Amino acid sequence: MQELFASPFFGIALSIIAFWIGVKIQKKTGLVICNPLIIAIVLVSAVLLIFRIPYDSYNEGGSIINMFLAPATACLAVSIYTKMELLKKNWLPIAVGAVCGSLASMGSVYLMCRIFKLDEAMTASLMPKSVTTPIAVSIAGSHGGIVPITVVAVIFTGILGSILAPALIKVFRVNDAMTAGLAIGACSHAVGTSKAIELGETQGAMSGLAIGICGILTVLFSLVLM
């Protein structure tokens, strides 16, 4: 059994099966809280704890899945390209929205870290929480942050945005698809974008665009704030 758990195929198979179960549960229940990513995290953690499988053994396969994160993010360019004319016509509000979103995210985290007197390493770990994982990890690592905490913060932010975005859009009566997409992408990166795509093609394209712009802005802002 130890040889099986140490195989990269174990981590890959467990991750795929756990996420597949999460997708099925969400479709069956229709509940927003039943996010496939949340369910997959719980199931994988439960299996590792119950069978006392070392995380390093699981990560032999998990790390291979991580390799596809950056290419998957790059694929969002397809939806952006389909809305190129819309981008050209609205480049100024898109740029302003991305700047405001990045500043609001990083500024609020910085302020909370100062209020609760968190050290510099924790601050650097949490500030890039609203950008996609490859960029967030790079920012945190280069500023002395704790990368595992950054990964958890990014995942939590994305899941929370994915769950709350549809409700917040209704509460604040956001009727413009471009505005909704930019807000989702700026706050909850790729996980939120998956929800934006479900809301509509324009929302998905704008959310994907916000990921790239906000990622670049966060890198620049981190040079000043971190």
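**View A. The lining of the largest pocket draws on several helices.** Helices α2, α3, α4 (55-66), α5 (69-74), α11 and α12 (177-199) each supply at least two residues of this lining. Helices here are DSSP runs of H or I with at least four residues, strands are runs of E with at least two, and both are numbered from the N terminus. This is a predicted model, in which local features need pLDDT of at least 70 and side-chain atom pairs count only at pLDDT 80 or more, while totals for chains, interfaces and linings use all residues. Residues are numbered from 1 along each chain as its sequence is written, and side-chain values use heavy atoms, leaving out hydrogens and water.

The volume of the largest pocket is about 1,700 Å³. Its lining has 42 residues, and the closest to the centre are Leu 37, Ile 65, Asn 66, Leu 69 and Ile 155. A pocket is an open set of points on a 1 Å grid over the protein atoms alone, with protein on both sides within 12 Å along at least five of seven lines; a cavity is a set where a 1.4 Å probe fits but cannot get out; lining residues have an atom within 4 Å of a point. Points are joined across faces, edges and corners, and a volume is the space filled by probe spheres set on them. By class, the lining splits into 25 nonpolar, 14 polar and 3 charged residues. Nonpolar covers Ala, Val, Leu, Ile, Met, Phe, Trp, Tyr, Cys and Pro; charged covers Asp, Glu, Lys and Arg; the others, Gly among them, are polar.

**View B. Helices α11 and α12 each give two or more residues to the lining of the second largest pocket.** This pocket holds about 400 Å³ of space. It is lined by 18 residues. Nearest its centre lie Gly 161, Ala 165, Leu 168, Ala 183 and Cys 187. Helix α11 gives the most, with 7 residues. The lining counts 11 nonpolar, 6 polar and 1 charged residue.

**View C. The structure has 1 cavity of 30 Å³ or more.** Which residues line the largest cavity? They are Ser 102, Ser 105, Met 106, Met 127, Pro 128, Ser 130, Val 131, Ala 186 and Thr 218. Helix α8 (residues 91-115) gives the most, with 3 residues. The lining has 5 nonpolar, 4 polar and no charged residues.

**View D. Nine residues form the largest nonpolar core.** They are Phe 5, Phe 10, Leu 14, Ala 18, Ala 40, Val 44, Leu 48, Ile 53 and Tyr 58. A nonpolar core is a set of buried Ala, Val, Leu, Ile, Met, Phe, Trp, Tyr and Cys residues joined through side-chain atoms within 4.5 Å. Buried means under 20% relative accessible area, exposed means over 50%, and partly exposed lies in between (1.4 Å probe, protein chains only). Leu 48 touches Leu 14, Ile 53, Tyr 55 and Tyr 58, leaving aside residues up to four places away in sequence. Touching, or contact, means heavy atoms within 4.5 Å. A second, separate core has 8 residues, including Leu 87, Ala 205, Met 206 and Ala 210.

**View E. Thr 150 sits in helix α11 (residues 147-171).** Is Thr 150 buried or exposed? Thr 150 counts as buried because its relative accessible area is 0%. A polar atom of its side chain lies 2.9 Å from the backbone oxygen of Ser 125. This is a polar contact: a pair of N or O atoms within 3.5 Å where, within protein, one must be able to donate a hydrogen and the other to accept it; residues adjacent in sequence count only if both atoms are side-chain atoms. Beyond four places in sequence, Thr 150 touches Ser 125, Pro 128, Ala 136, Val 137 and Ala 140.

**View F. Leu 182 belongs to helix α12.** It counts as buried, at 11% relative accessibility. Beyond four places in sequence, Leu 182 touches Ile 94, Met 206, Ser 207 and Ala 210.

**View G. Lys 117 and Arg 173 are loop residues.** Lys 117 lies between α8 and α9 (120-126), and Arg 173 lies between α11 and α12. Most residues other than glycine have a negative phi. Yet phi of Lys 117 is positive, near 55 degrees. Arg 173 also has a positive phi, about 50 degrees. Lys 117 is exposed, at 75% relative accessibility. Arg 173 is exposed too, with a relative accessible area of 70%.
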